[in-house]
Amino acid sequence: MPKPILLITTDVVDKRSVQTLSKYARVFSSADLDEASLIQLFPSIDILLVFFWPSFLISENLSRMSKLRVIQSILAGVNHIPFAQLNKNVIVCSNAGAYSNEVAEYAWALLLSAAKRIVDFHNAVKTEQSTLRRTLGGKEVTILEERTLGILGYGGIGSAGAQIGKGFGMKSYAFSRELVREKGVRSFQGDKGLLTVLAESDAVIVALPLTALTNKIIGSEKLATMKRDAILVNIARGELVDETALYEHLKANPDFRYATDVWWYREGKESLKTAHPFFELPNFIGTPHVSGPSGLATGKPVKFAVENVMRFLRGLKPKNIVNPAEYLVTDRQEY
């Protein structure tokens, strides 16, 4: 029986992983093929291993891939995959869990930077606008011990974030689709549960996937339910938070803080350009989406994705199969 054909569309997959996959599949790299060779290969491809969605995989070329059975993402999320253009029999697998600890660490770096006003104090010293301090006002920094940490999306990243929170003596409230049965974590579901988590938390980490249901899940109404001095951290996707509503909320509530490593989409791609001058606000912190790449540097995302492809090649059901219906109404977007 001939081996299945696997096309790798990224250069982040190492040679050892390619050798492992080659034991069970005929492995091709799009970087080694010209356009004519790719077009000739499309009808024979069984599996795609992708990072960013490659520009050559337009609708016309996807329609040529009549044998395609599995798409494995090396990214944790899959909102960059054009589900509406895929045959209904194609299985799409996320890479959930591959970045958990690293992204959770970064979320906490943002949370602490906001809670302790690190950026403000640094800039004040840098510009000689500050002197050595012996006392602080009650609202200048936030003490986290015995406060409540809300986590929206209790997958690998959310769970890892809660574990770090326990080290700071924080209570954890988890908003998730399924009931969380974990000691020390209160679980909430549905819109009512989301409102409770937002209203009662002193700091909130957003770790939800971007789907049709979660797009702009945090808008003006949800922001208004939060404490006026709460901290909101986003390390998931920018589109989970309504951009204009956030800007207006930050302006109206100077003690509220937003720290993000992810940004809103412009022309189908995540962009550091914003519709509002967020960096003019003292209660906004933004970094250039480095939380995910920090996880990629460990090698775990590639390892996890390759292991999942290997499961399929060995005749086992792959992990992290997503429901296409949750993504069909969301346009394909780049990471």
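The second largest pocket in this predicted model holds about 200 Å³ of space. A pocket here is an open set of points on a 1 Å grid over the protein atoms alone, where a 1.4 Å probe fits, with protein on both sides within 12 Å along at least five of seven lines; lining residues have an atom within 4 Å of a point. A volume is the space filled by probe spheres set on the points, which are joined across faces, edges and corners. The lining is Met1, Pro2, Lys3, Pro4, Asp46, Lys67, Arg69, Phe312 and Leu313.

A word on conventions. Residues are numbered from 1 along each chain as its sequence is written, and side-chain values use heavy atoms, without hydrogens and water. The model is predicted, so local features need pLDDT of at least 70 and side-chain atom pairs 80 or more, while totals for chains, interfaces and linings use all residues.

The largest pocket has a volume of about 1,300 Å³. Of its 46 lining residues, Gly153, Arg177, Ala207, Leu208 and Pro209 are the closest to its centre.

Now the rings. There are twelve aromatic pairs (Phe, Tyr or Trp rings, six-membered for Trp, with centres within 6.5 Å; stacked means planes under 30 degrees apart, edge-to-face over 60, tilted the rest). Trp108 and Phe168 are stacked, because their centres are 4.7 Å apart and their planes at 10°. Trp108 is buried at 3% relative accessible area, whereas Phe168 is partly exposed at 34%. Buried means under 20%, exposed over 50%, and partly exposed in between, with a 1.4 Å probe and protein chains only. Trp263 and Phe279 are also stacked, at 6.1 Å centre to centre and 25° between the planes. Trp263 is buried at 3%; Phe279 is exposed at 57%.
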